[in-house]
Amino acid sequence: MNGFRTPYGFANGLADRPDLQQMLLSLGYPWISSKAISVSGLPTANPSQEHFEAIVAAQAGMQPFIYPSGLIEIPVAPMMDVSFFRSRKWKLDEYLKTVEMCVNWAIENRAVYDWGTHPSIMYVEDPEFKTVELICDVVNASGGKAAVVGLDTIARRVARRARQ
């Protein structure tokens, strides 16, 4: 089972494009990751606790679902690295704080955190892989409430829940 992640992303995912949903299904893709949002009203520097919380709150609307066509959507977590580092010029510590808050929210809510990233950005901004270590540390500290898995695993779980 392999899916398709679009470049960039769309606020509505493919909700308005049943033709593309059908095309992807006909090509053998059971899932897509096309829905991505940018949280509005965030500053270009010095984010406050309110700004971090707004990103975490947006996480609730970015959970996997199935389109009427049967195509599974696995949205990217709010605020990808492009928005943090290129658009807003936030610092790595601010990014790490946001990721940690979002992962903890996902664990507390038995939800999904789909960390979307670009190697060309993270190589420059996080060459020591602090973000990967942080995610693994938070998941390991969850006492078995969470796991790091691939998108195929998430898609299988979404499909299984839909059949129940």
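Which residues have the most contacts inside the largest nonpolar core? They are Ile55, Phe84, Phe85, Tyr95, Val99, Val103 and Tyr113, and the core holds 27 residues. A nonpolar core here is a set of buried Ala, Val, Leu, Ile, Met, Phe, Trp, Tyr and Cys residues joined through side-chain atoms within 4.5 Å. Two or more residues of this core come from each of α2 (49–58), α3 (81–87), α4 (92–108), α5 (119–125) and α6 (130–140). Helix α4 gives the largest share, 9 residues. In soluble globular proteins, nonpolar side chains tend to be buried together.

A word on the ground rules: the model is predicted, so local features need pLDDT of at least 70 and side-chain atom pairs count only at pLDDT 80 or more, while totals for chains, interfaces and linings use all residues. Residues are numbered from 1 along each chain as its sequence is written, and side-chain values use heavy atoms, with hydrogens and water left out. Helices (H or I, at least four residues) and strands (E, at least two) are DSSP runs, numbered from the N terminus. Buried means under 20% relative accessible area, exposed means over 50%, and partly exposed is in between (1.4 Å probe, protein chains only).

Next come the salt bridges, each being a side-chain nitrogen of Lys or Arg within 4 Å of a carboxyl oxygen of Asp or Glu. The structure has 3 of them. In one, Arg5 pairs with Asp114, with the closest N and O atoms 2.4 Å apart. This pair ties together distant parts of the chain, since Arg5 sits in strand β1 (residues 4–10) and Asp114 in the loop between α4 and α5, 109 residues apart. Asp114 is buried, at a relative accessible area of 5%, whereas Arg5 is partly exposed at 35%. Arg17 and Asp19 also meet through their side chains, at 2.7 Å from N to O. Arg17 counts as partly exposed at 37% relative accessibility, and Asp19 is partly exposed too, at 44%. Glu128 and Lys130 form another salt bridge, with their closest N and O atoms 4.0 Å apart. Here Glu128 counts as exposed at 54%, while Lys130 is partly exposed at 38%.

On the surface, Arg110, Arg156, Arg157, Arg160, Arg161 and Arg163 gather in a patch of positive charge. For such a patch, residues need over 30% relative accessible area and no salt bridge, and like charges are joined within 9 Å (nonpolar side chains, namely Val, Leu, Ile, Met, Phe, Trp and Tyr, within 5 Å). Arg163 belongs to helix α7 (residues 151–163) and is exposed, with a relative accessible area of 64%. Leu151 is in helix α7 as well, but Leu151 counts as buried at 18%. Between Leu151 and Arg163 there are 12 residues of separation in sequence and 19 Å in space, C-alpha to C-alpha.

Arg110, another member of the patch, lies in the loop between α4 and α5 and is exposed at 74%. Its backbone stands out: Arg110 is not a glycine, yet has a positive phi of about 50°. Most residues other than glycine have a negative phi. Phe129 also has a positive phi, near 60°, without being a glycine. Phe129 is located in the loop between α5 and α6, and its relative accessible area of 56% makes it exposed.

Terms used: Areas by Shrake-Rupley, 256 points an atom, 1.4 Å probe, with all protein chains shown as cover. Lys, Arg positive; Asp, Glu negative; His and termini not counted. Charge placed at Lys NZ, Arg CZ, Asp CG, Glu CD.
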